[in-house]
Amino acid sequence: MAYDPIRDFAPITLVVRNTTILVVKPDLPVASAKELAARAAQNPGAIAIASTGSGSMPHLALELYQAAADVKFLHIPYRGAAAA
């Protein structure tokens, strides 16, 4: 690239504040994000997580969670919140 996105851009204002929640089915025996990450670590790619679409805020939150916890979920992108 002809530019460095870190060096050549500077934040100027907050554009949006987004609230994202993580919920699980009642029959999944986890009570926290830490417990969910531990379960995902034992079964990489086996736990499906829905989002409102590829590149959406929930999808990006999932990617951040996976990177921070060093785990892998199965991303299921839907076309919007109602379907997810």
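Helix α2, which covers residues 57-69, has 13 residues and reaches 18 Å from its first C-alpha to its last, close to the 18 Å expected at 1.5 Å a residue (the expected span being 1.5 Å times one less than the number of residues, and helices being DSSP runs of H or I of at least four residues, strands runs of E of at least two, numbered from the N terminus). This is a predicted model, in which local features need pLDDT of at least 70 and side-chain atom pairs count only at pLDDT 80 or more, while totals for chains, interfaces and linings use all residues. Residues are numbered from 1 along each chain as its sequence is written, and side-chain values use heavy atoms, with hydrogens and water left out.

- The buried residues of α2 are His59, Leu62, Tyr65 and Gln66, where buried means under 20% relative accessible area, exposed over 50% and partly exposed in between, with a 1.4 Å probe and protein chains only.
- Seen down the axis of α2, these buried residues fall within an arc of 120 degrees, so they line one face of the helix; the arc is taken over the directions from the helix axis to the C-beta atoms.
- The face turned away from the buried side carries the exposed residues Leu64, Ala67 and Ala68.
- The cover over the buried residues of α2 includes α1, β1 (48-51) and β2 (74-77), with contact meaning heavy atoms within 4.5 Å.
- Just after α2, aspartate 70 takes a positive phi of about 55 degrees.

**The segment before α1**

- Tyrosine 3 is found in the segment before α1 (33-42), and at 41% relative accessibility it counts as partly exposed.
- Proline 11, also in the segment before α1, is exposed, with a relative accessible area of 81%.
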